[in-house]
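Take a look at the model below.

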Amino acid sequence: MADSDEELSLLETLDHLLDRGVVISGEAVISIGDVDLLYLGLNVVLANVDAIIRTARKT
Amino acid sequence: MRAVVIGAHRHRDDISGDAIAIPLGDLFLSAVELAPQQPAGDRELLIRVAKIRARLLDVATFIAVRYGFVITNESDAMSKCGAHVDRWRALLDEHRNDVELTLKIAAATPQPRPKRTEFANGADYLRALHAATQGAAIDGAFREAVDARLVPLAKQHRWIHRDNASMELALLVARERIDEVNAAGTALKSFDVPFLLSGPWPLEVFAQEVEQ
C-alpha cells in the first residue's frame, strides 16, 4: 500500500506540474518523441483505494 | 542561460534551496537552470522540479506557472511576463496564507474518449473531446455532500470538468484550515465513489483568469 500511495502521489504531483498553473503566452508544448506530456497529464489515476476495491469486487 | 520557470513569488526570500530567483519587477520568478542541451522534458528534471515546487510551497504561497515555460534572463522574463505583474502582485498579497486543495472525483457516467484517428481534422476532434469532457457527471448525492461539507471550509471554490472520466473541485483554503478539509474529505469515504483529495498546491486554478 505504501508503494501505491507513493506512486499515486508522484502521479498527482506530476499532473499538477504539467496540467495546472498559469499559462504564459508563447510557451512551447513539451513532448518526448511522439508523446505529448501535457496530453499525458490528462490521464491521471483516480484513487479512493477503498472505493476502487469495492467497485472491483462488484464487477 | 536557460531556466524552466516554477512560479511567481512576492519576496526574494520566498525562494530558497535549489531554485534560482529571477527578478520580475518587484516580484521574483523561481526557476531551475537547464544544463546545456538538456531538454525541458527531461524525466529527471521533471521530478526534481516537482520536489522543488513542493518545498517552495512550504515557505510561502506562490503562483504556479505551468511546466514548460523557459526563460533566458531577467529581461526575457519581463518581456514575457511583464503584463501579468500587477495582477500577480495583488493575488500574492491577498492569498499569501492560502493554498489550493483538489478533490478529483470519478464520473458516475464517464464518457468514451474520442479517438484521434477517427476524425478527419483536428477541430472536429477537439470539439468531440470538449463534449466528452463536459458530459462527464459525478454522483449527485456525493456532490451534494461535497457542497455541504467541503465548500463551506473554502474561501473560494470552483467545479471543473477536467476530462471525460472525472470532475474536479478546486478549493482555495486558508493554511490553518487544511486539517479540517482533510477530515471532511475522509468522511466522504462512506460513499462508494472513487475520489482523491490532494494538496496543498500553490495558486494554480485561482491564479488563472476566469474564462468568460
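Between domain 1 of chain B and domain 2 of chain B there is one salt bridge. Keep in mind that this is a predicted model. The partners of the bridge are B:Glu204 and B:Arg53, with their closest N and O atoms 2.7 Å apart.

Which elements of domain 1 of chain B touch domain 2 of chain B? Helix H1 (43–59), strand E4 (63–64) and H3 of chain B each supply at least two residues to that side. H3(B) gives the most, with three residues.

Now step back to the domains themselves. In chain B, domain 1 covers 3–94 and domain 2 covers 98–207. Their centres, taken over C-alpha atoms, are separated by 26 Å. Ten residues of domain 1 of chain B contact ten residues of domain 2 of chain B. The area buried between these two domains is about 880 Å². Carbon and sulfur atoms give 51% of it. On the domain 1 side, B:Arg53, B:Leu57 and B:Thr61 supply 51% of the area that this domain buries against domain 2 of chain B, more than any other three residues.

Next, look at helix H2 (residues 74–81) of chain B. Its buried residues are B:Asp76, B:Ala77 and B:Cys81. They cover an arc of only 105° around the axis, so they lie on the same side of H2(B). On the other side of H2(B), B:Ser75 and B:Ser79 are exposed. What do the buried residues of H2(B) pack against? Their partners in chain B are strand E2 (20–24), strand E3 (27–33), strand E5 (70–71) and helix H3 (85–94).

Notes: Residues numbered from 1 in each chain as written. Chains lettered and ligands numbered in written order. Predicted model: local features only at pLDDT ≥ 70, side-chain atom pairs only at ≥ 80, totals over all residues. Heavy atoms only, no water. Buried < 20%, exposed > 50% of the residue type's maximum accessible area, 1.4 Å probe, protein only. Helix = DSSP H or I, 4+ residues; strand = E, 2+ residues; numbered from the N terminus. Arc of directions from axis to C-beta. Contact = heavy atoms within 4.5 Å. Domains from an automatic or database assignment. Buried area = accessible area lost by both parts, 1.4 Å probe. Salt bridge = Lys/Arg side-chain N within 4 Å of Asp/Glu carboxyl O.
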